[in-house]
Amino acid sequence: MFRRTFWFTAGAAAGVWATTKVNRKLKQLTPESLAAQAADKAIETGHKLKDFALDVREGMVRREAELGGALGLEAPVDQDLPVQRHYAVEAAEPAAHPNTYRTLPYKSNNRNEDH
């Protein structure tokens, strides 16, 4: 009698445990759950890439400082030398209004304008 009760209880407990495990696994495999897991992984990967990029940038700045010190690029500039200036093409031609764009010359050599 006790043996039957024991085995009946053990079987019922095993059935409840197995049912719970299967239901959990089924909930993990629903489309919404899979989408949430993929989004979490994407966000985690984005954070890792951002950290990697920041580490690379930090190392690059540190190495540039080391090279600048080794090559003497951080030495004071001689005041007798002219200042180097770098102009962009657009900086040489200021726009009339801030919202206007550059236009082509009136007589363009582009033969495909009419097509």
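This report walks through a predicted model of a protein chain, from its overall layout down to a few side-chain contacts.

Some ground rules come first. The model is predicted, so local features need pLDDT of at least 70 and side-chain atom pairs count only at pLDDT 80 or more, while totals for chains, interfaces and linings use all residues. Residues are numbered from 1 along each chain as its sequence is written, and side-chain values use heavy atoms, with hydrogens and water left out.

**The overall layout**

The protein chain has three helices and zero strands, and reading along the sequence gives the pattern α-α-α. Helices (H or I, at least four residues) and strands (E, at least two) are DSSP runs, numbered from the N terminus.

How much of the chain is buried? Buried residues account for 2% of its 115 residues. Here, buried means under 20% relative accessible area, exposed means over 50%, and partly exposed is in between (1.4 Å probe, protein chains only).

**Helix 2**

Helix 2 covers residues 31–71. With 41 residues, helix 2 reaches 59 Å from its first C-alpha to its last, close to the 60 Å expected at 1.5 Å a residue. That expected span is 1.5 Å times one less than the number of residues in the helix. Just after helix 2 comes Gly72, which takes a positive phi of about 75 degrees.

**Salt bridges**

How many salt bridges does the structure hold? There are three, where a salt bridge is a side-chain nitrogen of Lys or Arg within 4 Å of a carboxyl oxygen of Asp or Glu.

| Pair | N to O distance |
|---|---|
| Glu44 and Lys48 | 3.4 Å |
| Glu58 and Arg62 | 3.4 Å |
| Glu66 and Arg63 | 3.1 Å |

Where do these partners sit? Glu44 and Lys48 both lie in helix 2, four residues apart, or about one turn of the helix. Glu58 and Arg62, also in helix 2, are separated by about one helical turn because they are four residues apart. Glu66 and Arg63 are in helix 2 too, with a spacing of three residues, again about one turn. An α-helix has 3.6 residues a turn, so residues three or four places apart point the same way.

In the next pair, Glu58 is partly exposed at 47% and Arg62 is partly exposed at 46%. Glu66 comes out partly exposed at 44%, and so does Arg63 at 46%.

**A nonpolar patch and an aromatic pair**

Leu67, Leu71 and Leu73 make a nonpolar surface patch of about 330 Å². Patches are made of residues with over 30% relative accessible area and no salt bridge: like charges are joined within 9 Å, and nonpolar side chains (Val, Leu, Ile, Met, Phe, Trp, Tyr) within 5 Å. Leu67 is found in helix 2 and counts as partly exposed, at 39% relative accessibility.

A search of the whole structure also turns up one aromatic pair. Phe6 and Trp7 form that pair, which is edge-to-face, at 5.0 Å centre to centre and 75 degrees between the planes. Rings of Phe, Tyr and Trp (its six-membered ring) pair if their centres lie within 6.5 Å; planes under 30 degrees apart count as stacked, over 60 as edge-to-face and the rest as tilted. Trp7 is exposed, with a relative accessible area of 58%.

Terms used
Accessible areas come from the Shrake-Rupley method with a 1.4 Å probe; for residues, only the protein chains shown count as cover.
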